[in-house]
Amino acid sequence: MKKLLFVFTLCLCTIGMSWGETVFFSESFGTVSGTTLIATHESNNGFDEDAATFSGTADIRKTTASTGYTGASGNANVFFTNTIGRYLLIEGINSSSYSNISMSLGHYKSTPAGNNELSIQVSSDGTNWTTLSYSRLTGEGTAIWLLITPTGTIPSASNLRIKFTQNSSTTQWRIDDIKLTGTSSSTPTITVNPETLTGFSYVQGSGPSSEKTFTISGSNLTA
């Protein structure tokens, strides 16, 4: 009789690839039946991002729903009226695993003359703030919803804060569909255990060999 011996070797693998851009924060502000305080919407779990905390003197409304740009959710949005100082503060965003972070959001202005009077600031400690830059076209036909991508450095932090503040007494502002995108700093890996399977002894006509098992596990596999 012929006796055959098989040895299977399984490799320990680290996936080497460019992991690309990942949306790690996305907020569409849910739905409301009418004008709603931010604190009320927060207590009702109305925001998409449960890990973040929302506060401020702006409010949530369903009027003038977002439209006209890719990804417009068309439901609730944040309304700042034209009272200087009205604001929305978002805290508790964990951006520590990402670099090259960028922001996009739906942005509405009520007057053709409005430009960038709704300030957008970011902070890693709640004390030192960096103002992001953007510019809206002015003139006839520009009082609309528009998807904007403010420029500036958004920090990698365990508690990233974003603050939107009204600085105009003439133009009303609304925002919707905030997204943060970054490059993940975590390397994806797949591990095989054990790396080698042996003992597949098979005598011709008297098989099969006893079964062998291995385990595959992975980390940082969510893109």
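Predicted model: local features only at pLDDT ≥ 70, side-chain atom pairs only at ≥ 80, totals over all residues.
1. Both Phe29 and Phe47 are buried. Phe29 and Phe47 form one of them, with an edge-to-face arrangement: the centres are 6.1 Å apart and the planes make an angle of 80°. This pair links distant parts of the chain, 18 residues apart: Phe29 belongs to the loop between strand E3 (21–27) and strand E4 (36–37), and Phe47 to the loop between helix H1 (38–43) and strand E5 (53–56). Ring pairs also bring in Phe54, so that Phe29, Phe47 and Phe54 are linked into a cluster.

2. A further aromatic pair involves Tyr108 and Trp145. Their ring centres are 5.6 Å apart and their planes stand at 45°, so this pair is tilted. Because Tyr108 lies in strand E9 (residues 98–109) and Trp145 in strand E12 (residues 145–148), the pair ties together parts that are 37 residues apart in sequence. Tyr108 and Trp145 are both buried.

3. Lys163 lies over the face of Tyr87, 4.9 Å from the ring centre. Arg174 places its charged end over the ring of Phe79, at 4.1 Å from the centre.

4. The largest nonpolar core contains 34 residues. Leu88, Met103, Phe164 and Ile175 have the most contacts inside this core. Two or more residues come from each of E3, strand E8 (87–93), E9, strand E10 (118–123), strand E13 (160–166) and strand E14 (173–184). As general background, nonpolar side chains in soluble globular proteins tend to be buried together.

5. The surroundings of Met103 can be listed in detail. Setting aside residues up to four places away in sequence, Met103 touches Ile120, Val122, Leu132, Ile148, Thr149, Pro150, Ile154, Ile162, Ile178, Lys179 and Leu180.

6. Five strands make up an open sheet in the order E5-E8-E13-E10-E11, with antiparallel pairing. Its edge strands are E5 and strand E11 (130–131), each of which pairs on one side only. E10 and E11 run antiparallel and are joined by two bridges. Val122 has Thr130 in E11 as its bridge partner.

7. Thr171 is a loop residue, placed between E13 and E14. Is Thr171 buried or exposed? Its relative accessibility is 2%, so Thr171 counts as buried. When neighbours within four places in sequence are left aside, Thr171 is in contact with Thr81, Asn82, Lys109, Ser110, Thr111, Gly114 and Gln166.

8. Most residues other than glycine have a negative phi. Thr64, which is not a glycine, has a positive phi near 45°. Thr64 is found in the loop between strand E6 (59–61) and strand E7 (77–79), and its relative accessible area of 36% makes this residue partly exposed. Asn100 is likewise not a glycine and has a positive phi of about 50°. Asn100 is found in strand E9. With a relative accessible area of 61%, Asn100 is exposed.

Terms used:
Residues numbered from 1 in each chain as written. Heavy atoms only, no water. Phe/Tyr/Trp six-rings, centres within 6.5 Å; stacked < 30°, edge-to-face > 60°. Helix = DSSP H or I, 4+ residues; strand = E, 2+ residues; numbered from the N terminus. Buried < 20%, exposed > 50% of the residue type's maximum accessible area, 1.4 Å probe, protein only. Lys NZ or Arg CZ within 6 Å of the ring centre and 35° of its normal. Core = buried A, V, L, I, M, F, W, Y, C linked by side-chain atoms within 4.5 Å. Contact = heavy atoms within 4.5 Å. Pairing = 2+ DSSP bridges.
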